[in-house]
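Work through the exercises below with the sequence and the 3D view open. Try each task before reading its solution.

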Amino acid sequence: MVSFISSNSKIPRGRSSLQVKPTLSVRILAPDLAGIGIVPDELEDLELPSIVDVKRERVEFLQKLGLTIDDINEYLLLLSCSMRKNVIPGLGYLEKVGVQRSRLGEFIKNYPHVLHASVVVELVPVVKFLRGLDVEKQDIGYVLMKYPELLGFKLEGTMSTSVAYLFSIGVNPRGIGPMVTQYPYLLGMRVETMIKPLVDYLVSLGLPKKILARLLEKHAHVLGYDLEETVKPNVECLISFGIRRETLASVIAQYPQIIGLLLKAKLLTQQYFFNLKLKIDPEGFARVIERMQQIISLNQNVLMKPIEFLLARTIPSEDDAKMVVKCPQLVAVPVGLMKNSYYFFKSEMGRLVKELVEFPEYVTYSLESRIKPRYQKLESKGIRCSLAWFLNCSDQRFEERLQAAYIETESAGPSFIMGRKLELPGSEIISDEEEESEDEVLYRHTVSL
C-alpha cells in the first residue's frame, strides 16, 4: 500500500548556502533503496527515516557533492546522518573555514565521520586549537583537507602531548604553526612510540637537539619517517657506501630527506654514473656525498651538461675528477654561468688551469656580483693573489685584506667534521666577540641550506 503527500518543506539554510531542493515525499510500508544501487542487506540495523524519499534525498545530496553509490555503500552510516542537525551545519562550517565546496565530496570520502560531528562540540574546538598553534586562518582548510582525522582527536590527548614534546626539545613556539601546516600528521603521532625514538636516534648520531629542532621546523615531514623500516637502514646504507660515521650528522642536517629515500638504489645508480663519466672511485664518491648530498637525487641528464663542459676543456680527466670530488656543486651549476665564469677566468684574468683545479669553487661564485668587482679592485691595486684568497671570504674580510689590516695564511676554505669545531681561515685571530657556539656554527653552516 502506497500513499502520496505533497511536501514543500526545505532544509533550513542557516549560515550555510548548502541546501536540498524540495521533493515529493513517498510513504511506503516497506522502504527499499535497492533500485538506485544501495545494498539493502546492510541497512537492517540502521536507524533510518521511514520515508523513502528522505533517504533518496540524502543519497542525491551526497551524489551532488561528488560521492558515488559505491562510496555510499562503503559507509552506509552516511544515510543515517541528520541533514538538519549534522550534515548541512557541518559542511557549511567546513566551507566557512576554508574547505572548498568543490572538494567537500572528497573530504567526506576521506573522513565520512564528519557528517556525524557536532559543529559546536567537535569541529569548532579543533579549529580553535589549530589557530592557537599559529596555523594561519587561510591555511586551516588546507590542513583539514590534508588530515581530516584531526577533527576526531581529543584536544587533551595526542595533539597536546606531541606539541609539548616538540617544545621540550627546542622547537620555537612560533614554528609549530608552519610545521603543522606543512605536516599536520605530527599532531596524530604518539610521542613515546614515534616521535621520541626518532629524535633520540638522530641525537645519538651527533645531531645536537638545538640543531634538530631547527631542522624539524623546516622539514617537519622528517617526523613521518619510519625509524626501523627506513631511517636506520638508510643510515647503515650510507656507512656501507663509505660515508664516515663522524660526518653522518652533518650529512643529515644538510639534507634530511636522505634518511627517508629509497636510498640504496639511488646511491648505486649515481655511484656507477660518476665512475663511468669521471672515473671517480667509490671512496671519491663517498666524499662527494659528504659534501653535497643532493647529488643522489639529481637527474643524470642535468648532471651531464656541466660534466661534458669540464671534459671538453683542456683539463686532464683525472683533474676533472679531483675538481668534482673537492667541489661537487660544480655539477649543479648551469652551463651558461659556468661558461661565462670560465671564459672570464681564461681571457680576462689570464689564469692557469691548474689554479682552477686547485680552487674549483671559483665557478660556483657569481661572476657579476663577486668575481668581477673583486678582481677589478685587485687590478687597481696591482695585487696578485690566489683565487681562494680573494673569493673565499666575506665582503668585509675582503676589504680588510685589501687594506692589509692583517696577514693570514691562505686556506682552501672552511672545513667541518661533526664533533669538532668549524675551522675557518685565520681562526687563530678571531676575537672573543666573533666566537660562536658549536651548535650555532653547525646551524648556520647546514640548516640554512
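The model is predicted: local features need pLDDT of at least 70, side-chain atom pairs count only at pLDDT 80 or more, and totals for chains, interfaces and linings use all residues. Residues are numbered from 1 along each chain as its sequence is written, and side-chain values use heavy atoms, without hydrogens and water.

**Exercise 1.** Describe how α15 and α17 cross.

Solution. 
- Locate the helices: α15 covers residues 300-312 and α17 covers residues 335-348. Helices here are DSSP runs of H or I with at least four residues, and strands are E runs of at least two, numbered from the N terminus.
- Take the axes, which are lines fitted to C-alpha atoms over the stretch in contact, with angles from 0 to 180 degrees between N-to-C directions. They come within 9 Å and cross at roughly 25°.
- Classify the angle: α15 and α17 are therefore roughly parallel. That label needs an angle under 35 degrees; over 145 is roughly antiparallel, 65 to 115 roughly perpendicular and the rest oblique.
- List the contact residues (heavy atoms within 4.5 Å). α15 supplies K305, P306, F309 and L310, while α17 supplies V335, M338, K339, Y342 and Y343.
- Sort them: 7 are nonpolar, none polar and 2 charged. Nonpolar covers Ala, Val, Leu, Ile, Met, Phe, Trp, Tyr, Cys and Pro; charged covers Asp, Glu, Lys and Arg; the others, Gly among them, are polar.

**Exercise 2.** Is L216 buried or exposed?

Solution. 
- Find L216 in helix α10, residues 209-218.
- Its relative accessible area is 1%, so L216 is buried. Buried means under 20%, exposed over 50%, partly exposed in between (1.4 Å probe, protein chains only).
- Leaving out residues up to four places away in sequence, L216 touches L166, I169, M179, V222 and L223.
- L166 is 50 residues from L216 in sequence, yet their C-alpha atoms are 9.1 Å apart.
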